[in-house]
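Good morning, and thank you for coming.

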Number of protein chains: 2
Amino acid sequence: MQQQARGNAIGVIGLGAMGMGIATSMLEVGLPVIGCDVSERAREAFVAHGGRSVATPDELAAECDVVVLVVINAEQVEMVLFGERGLAGELAPGSLIMQCATVAPSYAVALGERLNAMNLEMLDAPISGGATKARTGELSVMSSGSDAAYAKGQAALDAMAAKVYRLGDSPGAGSSVKLVNQHLAGVHIAAAAEAMALGMRMGIDPDTLYEVITHSAGNSWMFENRVPHILKADYTPLSAVDIFVKDLNIVHQTGRELSLAMPVAASALQQFTAASGAGFGREDDAAVIKVYQRLSAFELPAANDIQGESSQ
Amino acid sequence: MQQQARGNAIGVIGLGAMGMGIATSMLEVGLPVIGCDVSERAREAFVAHGGRSVATPDELAAECDVVVLVVINAEQVEMVLFGERGLAGELAPGSLIMQCATVAPSYAVALGERLNAMNLEMLDAPISGGATKARTGELSVMSSGSDAAYAKGQAALDAMAAKVYRLGDSPGAGSSVKLVNQHLAGVHIAAAAEAMALGMRMGIDPDTLYEVITHSAGNSWMFENRVPHILKADYTPLSAVDIFVKDLNIVHQTGRELSLAMPVAASALQQFTAASGAGFGREDDAAVIKVYQRLSAFELPAANDIQGESSQ
């Protein structure tokens, strides 16, 4: 009913690979969007895309009644909402916080209660799909929240997502399902690295191994997606080792809260922790295979293999 | 050149779910096949399919120059080839042993050398695809061996397999690639169970979880295939827990031989071992989730849920 005006813009906090994709997707469908990032370079990049930007979260409050958080972790959520120059206390009543970071479900539940007590809505809305899908507005969103929260967030969700799973009527369910996905994704990447290490240590050509496994019952989405990084020796961080150190620690923390032992996820966490400790934390998560290589007698494919003959 | 005659039949040793499927696939394309199993019931079942059968491996020697071993493990391979009434010493020179069990690659290498020393050929030919694909002659075979071995085994392979991967010119490579597949398959089943346990413990509806994960980056071939057994509470053993106790122990043994630490596979092995210890060894491998259920406060779907309302 209300016309587009001051007070109805959408804020996007965090203009990293995911947030920048989300914010530009919104620009492209004509939504009034304001980006926010501490990094001047990120802000300038968004302005170059035709957007407006601010440096601190509280600056969004006057114009936005929907704010999408695309930050790294719960600590950053705390900072942008409740820290110095934080946003939560400045927003108009009834505004919506759409929280997209992977956080502990227990944190998502508590955050929803805190925001509700401030007359703010919250959508628990972790995202999946990576930077490419963020850029094309085709993310998957594993979400939960009230009907009012969904109604308020509809335009933003339409712009950023190909698929919105509605998993419950309050915060917590979205983060729970995302956590299950991260458990599996992390274990599958570590398993892919470990299995490729086994194959190479036995003398099997890694390209051949990839070909056979991707057509067999041992395949996983992550095996198919990440092993090519190993084969090309390309550890450019599409998603970094340290992301899984973070996410599998949330799995661990949640298991502790629930007294649920998860030894398979625990072993994968240790391998990502070792990769980070060895200095590979900011490389692509497929670099977890370097933990195996450092402890065993096999050679990883080298980048310059690509220039010469293919072993395929 | 030689016409079909005494001496050119194919023996299939082991008429379990896999061997029976293989033997009947051969019958259906008109190959002269003789089945062999210690179980009288299995022999009678094969006769009911129109086949011939014998009770001891040595009885195959007079008529067969190709013998396919579809037994459970290396111990059974030893018994049928070299045990009392074993086959290896009886076969005509130049005959082929096609060995389909999942065994340690080091065992496959040594077996090939022993058979060669007896003037026998060996195809290292582990199979994949389960009982259904065995029955329809559409298995995948991860194989290695000499050109002579492939030539001699061609008709048998054509009858039993949709895809034959030729991975090397001597025994070992086939078993190595199969072992990598079993590493991943075993880890993925344990991870699927663990992740479903996490989701259910957090209160997420398991059918919803299945729907979301199978469309997300956390998916695996095994998650998609095995979790429905949990959702239907159907633990009829299409492939049993004890198979992965066996196969992940071969992974463990091979890691020990190669001094390659594989903590992710090790954690999965412990979960299958626990499932077997709790009495679920002969149930479907998805029953590894019962290890989690016994140690935590969540309910598994019950079989009679199917009769009533669906939660989907």
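This is a predicted model: local features need pLDDT of at least 70, side-chain atom pairs count only at pLDDT 80 or more; totals for chains, interfaces and linings use all residues.

**Ile97 of chain B and its surroundings**

Leaving aside neighbours within four places in sequence, Ile97(B) is in contact with Val67(B), Leu69(B), Leu81(B), Leu87(B), Leu91(B), Leu115(B), Glu121(B), Met122(B) and Leu123(B), where contact means heavy atoms within 4.5 Å. Residues are numbered from 1 along each chain as its sequence is written, chains are lettered from A and ligands numbered from 1 in the order in which they are written, and side-chain values use heavy atoms, with hydrogens and water left out.

Is Ile97(B) buried or exposed? Ile97(B) is buried, its relative accessible area being 0%; buried denotes under 20% relative accessible area, exposed over 50%, and partly exposed the range in between, with a 1.4 Å probe and protein chains only. Ile97(B) lies in strand E5 of chain B, residues 96-99. Helices (H or I, at least four residues) and strands (E, at least two) are DSSP runs, numbered from the N terminus. Ala149(B) is 52 residues away from Ile97(B) along the chain, yet their C-alpha atoms are separated by 8.6 Å.

Which residues touch the most other members of the largest nonpolar core? Among its 172 residues, they are Leu81(A) and Leu81(B). Such a core is a set of buried Ala, Val, Leu, Ile, Met, Phe, Trp, Tyr and Cys residues joined through side-chain atoms within 4.5 Å. Not counting residues up to four places away in sequence, Leu81(A) touches Leu69(A), Gly86(A), Leu87(A), Ala88(A), Gly89(A), Ile97(A), Leu111(A) and Leu115(A).

**A three-stranded sheet**

I turn now to chain B, where three strands form an open sheet in the order E7-E8-E9, with mixed pairing. Two strands are taken to pair if DSSP finds at least two bridges between them. The edge strands, each pairing on one side only, are E7 (127-128) and E9 (161-166) of chain B. E7(B) pairs with strand E8 of chain B, residues 139-143, in the antiparallel sense over two bridges. Within E8(B), Ser140(B) is the bridge partner of Ser128(B).

Helix H6 of chain B, residues 147-160, packs on this sheet and touches E7, E8 and E9 of chain B, its direction making about 155° with that of E9(B). Helix H7 of chain B, residues 173-201, also packs on the sheet; H7 touches E7 and E8 of chain B, and its direction makes about 125° with that of E8(B). Axes here are lines fitted to C-alpha atoms, for helices over the stretch in contact, and angles run from 0 to 180 degrees between N-to-C directions.

In chain A, an open sheet of three strands likewise has the order E7-E8-E9 and mixed pairing. There, Val141(A) in E8(A) is the bridge partner of Ile127(A).

**The two chains**

How are the copies related?
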